[in-house]
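I opened a new page for a structure I had not looked at before. These are my notes, in the order I looked things up.

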Amino acid sequence: MLVYILVFILTFFIMEFMAWFTHKYIMHGFLWSLHRDHHRKDHDSWFERNDAFFIFYALVSIGFFLLWKYQILDIGLAIGLGILAYGIAYFFVHDIFIHQRFKFLRNANNRYAKAVRRAHKMHHKHLGKEHGECFGMLIVPFKYFKK
């Protein structure tokens, strides 16, 4: 049981790196066409093409659930749940807390919340795919914790 818990926790933390890597080299790289509408609000829809990335990671998570279900990968459930947990955390921090796609979690005002907002604001000051910064989500550079 301890192995599964450790795999779950490790997967969750690896997903922060995966989010950073995907964001920097894929979203701001060859799939910029899907991510651009997230930086430039030139549309009236609540949905963004950028939301396709959530679907991708959901399918990866489901894949690990299936590998576990069909007894192909014993730790598949722990990995799938780690990816799912990170996706939920990402959704709450990025889509709800930062971008206010749902109108709650507006009043979080602690030091970490302010740092996350500052870092993401710096990321969004660049409207193009070049010269970006702060591609991660939950791990914020220390300089954004300063007042």
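**Entry 1: the whole thing**

I noted first that this is a predicted model. I counted secondary structure next and got five helices and zero strands. Reading from the N terminus, I wrote the order down as α-α-α-α-α. I then boxed the C-alpha atoms along the principal axes, and they fill roughly 45 × 35 × 30 Å.

How much of the protein is buried? I got 36% of the 147 residues. The protein exposes about 9400 Å², and carbon and sulfur atoms supply 71% of that area. For contacts between residues at least 6 apart in sequence, I found that 53% join residues at least 24 apart.

**Entry 2: helix 1**

I looked up helix 1, which covers residues 2–30. I did find a bend of about 35° at H23.

I listed the buried residues of helix 1, and among them are V7, T11, F12, M15, A19, T22 and H23. E16 is on that buried list as well. I remembered that an α-helix has 3.6 residues a turn, so residues three or four places apart point the same way. As for what covers the buried residues of helix 1, I wrote down helix 2 (32–39), helix 3, helix 4 and helix 5.

Helix 4 bends by about 25° at F91.

Next I checked phi angles. Most residues other than glycine have a negative phi. I flagged Q71, which has a positive phi near 55°. Q71 sits in the loop between helix 3 (52–69) and helix 4. I also flagged Q100, with a positive phi near 55°, in the loop between helix 4 and helix 5.

Are these two buried or exposed? Q71 has 75% relative accessibility, so I put it down as exposed. Q100 has a relative accessible area of 15%, so I put it down as buried.

**Entry 3: H123 and E133**

I went to H123, in helix 5 (residues 111–124). Its relative accessibility is 1%, so H123 counts as buried. Which residues does H123 touch, leaving out those up to four places away in sequence? I wrote down H23, H28, H35, H39, E133, C134 and F135. Two of those names took me back a page: H23 and H28 are both on the buried list of helix 1, and H23 is where helix 1 bends.

E133 has a relative accessible area of 21%, and the cut-off for buried is under 20%, so I called E133 partly exposed. Its contacts, beyond neighbours within four places, include M122, H123, K125 and H126. K143 and Y144 are on the contact list of E133 too. Last, I checked E133 against K24: their C-alpha atoms are separated by 8.4 Å, though the residues are 109 apart along the chain.

How values were computed:
Residues numbered from 1 in each chain as written. Predicted model: local features only at pLDDT ≥ 70, side-chain atom pairs only at ≥ 80, totals over all residues. Heavy atoms only, no water. Helix = DSSP H or I, 4+ residues; strand = E, 2+ residues; numbered from the N terminus. Buried < 20%, exposed > 50% of the residue type's maximum accessible area, 1.4 Å probe, protein only. Contact = heavy atoms within 4.5 Å. Bend = angle between axes of the 7 residues up to and from the residue. Areas by Shrake-Rupley, 256 points an atom, 1.4 Å probe, with all protein chains shown as cover. Expected span 1.5 Å × (residues − 1).
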